[in-house]
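Q: I have a model open and want to learn how to read it. Where do we start?
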Amino acid sequence: MKMSLPERKTGISRVIAATRDSLRGLSLAARTEEAFKQECLLFVLLAPLGAWLGETEIEKTLLVGVLVIVLIVELLNTAVEAVVDRVGAEFNELSRQAKDLGSAAVFLSLVSVIFTWLAILIF
């Protein structure tokens, strides 16, 4: 059975549909992805602290912004993993590499949080 693509929306209806899809994706990640839940908790705890500890607007933006980047990268990693899993459950070296690379991206985003916070708050 062949599925047809949905009709393309334009204008404000496209913006509304995109917003609905984005909120559905955030909701899905918050319900089903343990790493995303942990990173959301990290954000909830550290974002107000970063906004309070930053001395300038740029520092505040950097301290909170790197936390947002972690969430973005985690969502992209989850998307990569979903596509890889959709392709097949059997082992494939390229599938492993895709998942490892996504994991590495999340790791580097977390490292950037550490370095940014240290650079602004300690050095």
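A: Start with the helices: here they are DSSP runs of H or I, at least four residues long, numbered from the N terminus. The model is predicted. Val 83 lies in helix H3, which covers residues 57–87.

Q: Is Val 83 buried or exposed?
A: Exposed means over 50% relative accessible area. Val 83 has 52%, so it counts as exposed. Its C-alpha atom is 19 Å from that of Leu 23, 60 residues apart along the chain.

Q: What pattern does the chain follow along the sequence?
A: The pattern is α-α-α-α. The chain has 4 helices and 0 strands. Its radius of gyration is 18 Å, well over the 14 Å that the globule rule gives for 123 residues, so the chain is more spread out than a compact globule. The C-alpha atoms fill a box of roughly 60 × 45 × 20 Å along the principal axes.

Q: Which residues form the largest nonpolar core?
A: In soluble globular proteins, nonpolar side chains tend to be buried together. In this model, the largest nonpolar core has 8 residues: Ala 47, Leu 63, Val 66, Leu 67, Val 70, Val 113, Trp 117 and Ile 120. H3 and helix H4 (93–121) each give two or more residues to this core. The largest share, 4 residues, comes from H3.

Q: What does Ala 47 touch, beyond residues up to four places away in sequence?
A: Contact means heavy atoms within 4.5 Å. Ala 47 touches Leu 42, Val 64 and Leu 67.

Q: How much of the chain is buried?
A: Buried residues make up 20% of the 123 residues. The chain exposes about 9,300 Å², with carbon and sulfur atoms supplying 69% of it.

Note on methods
Residues are numbered from 1 along each chain as its sequence is written. This is a predicted model: local features need pLDDT of at least 70, side-chain atom pairs count only at pLDDT 80 or more; totals for chains, interfaces and linings use all residues. Side-chain values use heavy atoms; hydrogens and water are left out. Buried means under 20% relative accessible area, exposed over 50%, partly exposed in between (1.4 Å probe, protein chains only). A nonpolar core is a set of buried Ala, Val, Leu, Ile, Met, Phe, Trp, Tyr and Cys residues joined through side-chain atoms within 4.5 Å. The radius of gyration is taken over C-alpha atoms; the globule rule is 2.2 Å times the number of residues to the power 0.38. Accessible areas come from the Shrake-Rupley method with a 1.4 Å probe; for residues, only the protein chains shown count as cover.
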